[in-house]
Amino acid sequence: MSARYVARMLVLIGACYSASVLAAPLTSADKNDDGAISRQEAMDAQNASFERLDENGNDKLSRDEFDAGQPSAPKDASQADIARRKQVVSRWFDQIDRDGDASITPQEYRDAVSPYFDRLDANHDGKISQQELRKSFQEVDEAQAELGG
């Protein structure tokens with residue numbers, strides 16, 4: 001498995017995760033119903049996501065809690081694909097866990113998503129519009145196709 005492949009998978013997982021956290025948003029995270037997701041609405045959705053993943057309520061995500069919240073491998077995935085997914089998710093966990101204490105705090109979790117918000121907010125107006133979100137999904141689809149998925 002090449003470093004380039006792993007890097008692309010990390011980007012893809014990040015994009016998928018961010019898009020999924022922000023996808024239902026135009027119905028659930030868009031609290032003021034203006035048709036866009038503000039940075040605060042995105043952070044509120046991120047906080048809610050963290051709380052859902054934190055099964056034991058200790059305000060930290062273990063590797064297992066984090067892994068359980070990531071997209072699973074397709075049912076027809078090979079053992080090699082399953083192992084790659086686990087490796088990619090593990091690397092992503094390690095990147096988010098900035099202090100290396102084997103858990104992710106709410107701040108580490110928010111800090112990891114902030115760059116994705118900035119990327120999705122293509123016109124840099126502080127909000128993610130439906131059009132910007134659709135474009136992100138399109139990019140994820142293209143990346144998956146390029147990776148053979």
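Two residues are in contact when they have heavy atoms within 4.5 Å of each other. The structure above is a predicted model, in which local features need pLDDT of at least 70 and side-chain atom pairs count only at pLDDT 80 or more, while totals for chains, interfaces and linings use all residues. Residues are numbered from 1 along each chain as its sequence is written, and side-chain values use heavy atoms, with hydrogens and water left out.

The protein chain has six helices and two strands. Helices (H or I, at least four residues) and strands (E, at least two) are DSSP runs, numbered from the N terminus. Along the sequence they follow the pattern α-β-α-α-α-α-β-α. Of the contacts in the protein chain with a separation of 6 or more, 64% join residues 24 or more positions apart.

A residue is buried at under 20% relative accessible area, exposed at over 50%, and partly exposed in between (1.4 Å probe, protein chains only). Of the 149 residues of the protein chain, 37% count as buried.

Ser-103 lies in the loop between helix H4 (79–96) and helix H5 (106–120). Is Ser-103 buried or exposed? Ser-103 has a relative accessible area of 9%, so Ser-103 is buried. Neighbours within four places in sequence aside, Ser-103 is in contact with Lys-60, Leu-61, Phe-93, Asp-97 and Glu-108.

Leu-61 and Phe-93 also belong to the largest nonpolar core, which has 12 residues. A nonpolar core is a set of buried Ala, Val, Leu, Ile, Met, Phe, Trp, Tyr and Cys residues joined through side-chain atoms within 4.5 Å. H2, H4 and H5 each supply at least two residues of this core, and H4 gives the most, with four residues. Another core, of six residues, lies apart from it and includes Ile-37, Phe-117, Leu-120 and Leu-133. In soluble globular proteins, nonpolar side chains tend to be buried together.

Helix H2 (residues 39–53) packs with H5 at an angle of about 135°, with their axes 10 Å apart. Axes are lines fitted to C-alpha atoms, for helices over the stretch in contact, and angles run from 0 to 180 degrees between N-to-C directions. Under 35 degrees counts as roughly parallel, over 145 as roughly antiparallel, 65 to 115 as roughly perpendicular and the rest as oblique. H2 and H5 are therefore oblique to each other. Among the residues that make the contact are Phe-50 and Leu-53 of H2 and Tyr-109 and Phe-117 of H5.
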